[in-house]
Amino acid sequence: MVIVPTYNERNNVAPLVRRIRKAVQFEPILFVDDSSPDGTSDEIRRMQQCDGAIELMVRPDKSGFGSAYRDAMKKILRENLANYVITLDADLSHPPELLPQMIELLKDNPVVIGSRYVAGGGTRDWNIPRHLLSVGANVYARLLTGVPAHDLTAGFVGYQTDVLRAINLDEIRSEGYAFQMEMKFNLYRNGSRFCEFPIVFSERRTGKSKFTTKILAEGIAFPIKAVAIRIRGLV
């Protein structure tokens with residue numbers, strides 16, 4: 001099952017579904033919409049009329065994509081909806097065309113990361129400062145958390161549901177890019193192994209980025225928190 005958090009992504013959800021359906025025709029998709037004022041949920045409901053594998057969870061407030069993923073994962077685990085979940089951005093930055101490869105890798109690997117920073121991976125339409133910020137953030141996070149993954153902030157990630165059941169999702173409190181780091185850190189602490197495969201990440205074409213200084217601050221703070229956990233001997 002593919003999880004897609006949305007907030008003001010009305011213009012992106014239909015192209016995203018078309019691309020997903022070309023890659024995996026019957027894969028269930030769970031959208032988690034934070035009551036987008038632009039009518040994103042209405043567009044998703046329109047698509048549901050001709051695609052029975054689309055589900056929609058509407059939340060009353062804008063609560064962040066970290067909690068959107070947590071709520072979706074808990075629903076999937078509680079209702080036994082799938083054997084794996086795949087997280088995917090709504091802004092068309094992740095390549096849905098690689099979903100078949102992700103699903104195949106999930107047969108033998110508990111956590112699969114679509115990585116920009118392994119051989120064959122990369123980014124498209126990024127300026128130099130943006131690229132340097134991302135590379136630096138990943139080096140910083142890897143050194144402080146001790147997690148042996150090249151792309152700790154990656155958002156195109158697949159998880160076998162068994163590894164999600166083995167951790168406490170309610171303890172993962174980050175909301176922005178730090179959510180991706182915190183998930184990988186907790187899974188690694190719990191003994192999960194990672195498989196990375198290359199993807200090319202594309203800059204969004206329409207809509208506004210959700211990146212804020214609060215998200216940046218959280219991304220800086222979490223690796224420091226991880227160091228403190230490691231020093232206390234919890235890893």
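Sheet, helices and a surface patch

Colleague: In what order do the 7 strands of the open sheet stand?

Modeller: This is a predicted model: local features need pLDDT of at least 70, side-chain atom pairs count only at pLDDT 80 or more, and totals for chains, interfaces and linings use all residues. Residues are numbered from 1 along each chain as its sequence is written, and side-chain values use heavy atoms, without hydrogens and water. Strands are DSSP runs of E with at least two residues, helices runs of H or I with at least four, numbered from the N terminus, and two strands pair if DSSP finds at least two bridges between them. The pairing is mixed, and the order is S3-S2-S1-S4-S7-S5-S8.

Colleague: Why is one side of S3 and of S8 left without a neighbour in the sheet?

Modeller: Strand S3 covers 54-58 and strand S8 covers 194-198. Both stand at the edges, so each has a single partner strand.

Colleague: Which residue in S7 is the bridge partner of Ile113?

Modeller: Strand S5 (residues 111-115) and strand S7 (residues 157-160) run antiparallel and are joined by 3 bridges. In S7, the partner of Ile113 is Val157.

Colleague: Is Ile220 buried or partly exposed, and with what relative accessible area?

Modeller: Ile220 is found in helix H8, which spans residues 213-231. Buried means under 20% relative accessible area, exposed over 50%, and partly exposed in between, with a 1.4 Å probe and protein chains only. Ile220 is therefore partly exposed, at 44%.
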